[in-house]
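Welcome, and please open your viewer. We will go from stop to stop, selecting a few residues at a time and looking at what is there.

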Amino acid sequence: MYFFSDEIYEYKGFSIEYKVVYNDVKCPEGEFQCRTGQCVEEHRVCDTLDDCGDGTDEQQCNHLTEEPEICGLTPVIPELGNGDRIVGGRDAVAGSWPWQVSFQYIYTYPSGHFCGGAVVNRNWILTAAHCVKDKYKEEVRIHFGNHHRWMADPQEVLRYPTDWYFYKWEDIALVRFNAPLSFNDVIQPVCLPELEERVEDGTMGHVTGWGNTIGTGHSTVLKQAMVPIFNFEACSNYNTPFSISPTNICSGTDNGGINPCFGDSGGPLVAQKDNKWTVYGLVSWGPLVCGIKQEPTVYMRVSAFRQWIDKTISSN
């Protein structure tokens, strides 16, 4: 085992947790070997139940992608608002943002988190294109139902990406994974906005992720931040290092402070509509110094891509 430190100065010292995985274990005759090394009885393969915990016993089973009948619900009720934290917002109630996912590197355990995303149905995730476009699918795993960044949670499940699709040069991607999800209290789909749907400037939304908190609290659990949403026209009045396009929306305040940071890319910006949560934005980029005054966080406006999302899912 080798340990290499990185260039992050947020913490002092280090702590290592490891798990021994015997990849050379062979399952006895009549049993199926999961990618995790676990063995399950062959008659349980393709029975629509995730016996492996990572979906490998339910992949390549021709399960149909079903559009969710219900979306945007939170069986575990979130505590809204920012509490007394800035930049990193506040700790989320475990399981209260059930569409939140964590993209992680397979070769890093217990957490190789590098980006977030949002569940839209049993087989598909929305995220930022820059999160996955330079990655090999074999090096990525996807965590659902997790709350802690550095340890596994009881209802957490794994999946592996099989395909990802990009919209031309825009920073948005659809990711399909290896086996359908079973929805429960901590894993649920978020609602999609209507085509070209807009929210009023100043509408309060919530953004979630495990990104850097710049000294305002440890990012060991999922964080949330309540932020005002601005459309392209209002956002164009801010100072930004790059140009804003009509396919973007923004969040931020004149005084700065409350906004996503590094590691939150791809994560969802949601707001309530008809008592359900809708994803209006995906974290794309922001200021080089998180929470700086007069520099907003920029998101991909999901409603601009609704037609592409529907077509990509239905044709794949």
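Is the disulfide of Cys 71 and Cys 191 left-handed or right-handed? Before you turn the view to find out, keep in mind that this is a predicted model.

**Stop 1: Cys 71 and Cys 191**

Select both cysteines and show their side chains. A disulfide joins Cys 71 to Cys 191, with 2.0 Å from S to S. The torsion about their S-S bond is about 100°, so this disulfide is right-handed. Cys 71 sits in the loop between E2 and E3, while Cys 191 sits in the loop between strand E10 (173-177) and strand E11 (203-209), so the bond ties together parts that are 120 residues apart in sequence. Cys 71 has a relative accessibility of 19% and counts as buried, because the cut-off for buried is under 20%. Cys 191 is buried as well, with a relative accessible area of 7%.

In general, a disulfide is a covalent bond between the sulfur atoms of two cysteines. How many disulfides does the count come to here? The count comes to six, and this tour visits some of them.

**Stop 2: Cys 46 and Cys 61**

Next, select Cys 46 and Cys 61. Their sulfur atoms are 1.9 Å apart and form a disulfide. Here the torsion about the S-S bond is about -75°, so the disulfide is left-handed. Both partners belong to the loop between strand E2 (39-41) and strand E3 (90-91), and they are 15 residues apart. Is Cys 46 buried or partly exposed? With a relative accessible area of 36%, Cys 46 is partly exposed.

**Stop 3: Cys 115 and Cys 131**

Move on to Cys 115 and Cys 131. A disulfide joins these two, with 2.1 Å from S to S. The torsion about their S-S bond is about -80°, which means that the disulfide is left-handed. It links strand E5, where you will find Cys 115, to helix H1 (residues 129-132), where you will find Cys 131; the two cysteines are 16 residues apart. Cys 115 counts as buried at 5% relative accessibility, and Cys 131 counts as buried at 1%.

**Stop 4: His 113**

Stay with strand E5 and select His 113, which is found in this strand (residues 113-119). His 113 counts as buried, at 9% relative accessibility. Which side chain does the side chain of His 113 make a polar contact with? The partner is the side chain of Ser 102, at 2.8 Å. The side chain of His 113 also reaches the backbone oxygen of Cys 115, at 3.5 Å, which brings you back to a cysteine from the previous stop.

**Stop 5: a cavity**

Let us visit the second largest cavity, which holds about 70 Å³ of space. How many of the lining residues are nonpolar, polar and charged? The lining divides into five nonpolar residues, five polar residues and no charged ones.

Conventions: Residues are numbered from 1 along each chain as its sequence is written. This is a predicted model: local features need pLDDT of at least 70, side-chain atom pairs count only at pLDDT 80 or more; totals for chains, interfaces and linings use all residues. Side-chain values use heavy atoms; hydrogens and water are left out. On a 1 Å grid over the protein atoms alone, a cavity is a set of points where a 1.4 Å probe fits but cannot get out, and a pocket is an open set with protein on both sides within 12 Å along at least five of seven lines; lining residues have an atom within 4 Å of a point. Grid points are joined across faces, edges and corners, and a volume is the space filled by probe spheres set on the points. Ala, Val, Leu, Ile, Met, Phe, Trp, Tyr, Cys and Pro count as nonpolar, Asp, Glu, Lys and Arg as charged, and the others, Gly among them, as polar. Helices (H or I, at least four residues) and strands (E, at least two) are DSSP runs, numbered from the N terminus. Buried means under 20% relative accessible area, exposed over 50%, partly exposed in between (1.4 Å probe, protein chains only). A polar contact is a pair of N or O atoms within 3.5 Å; within protein, one must be able to donate a hydrogen and the other to accept it, and residues adjacent in sequence count only if both atoms are side-chain atoms. A disulfide is a pair of cysteine sulfur atoms within 2.5 Å.
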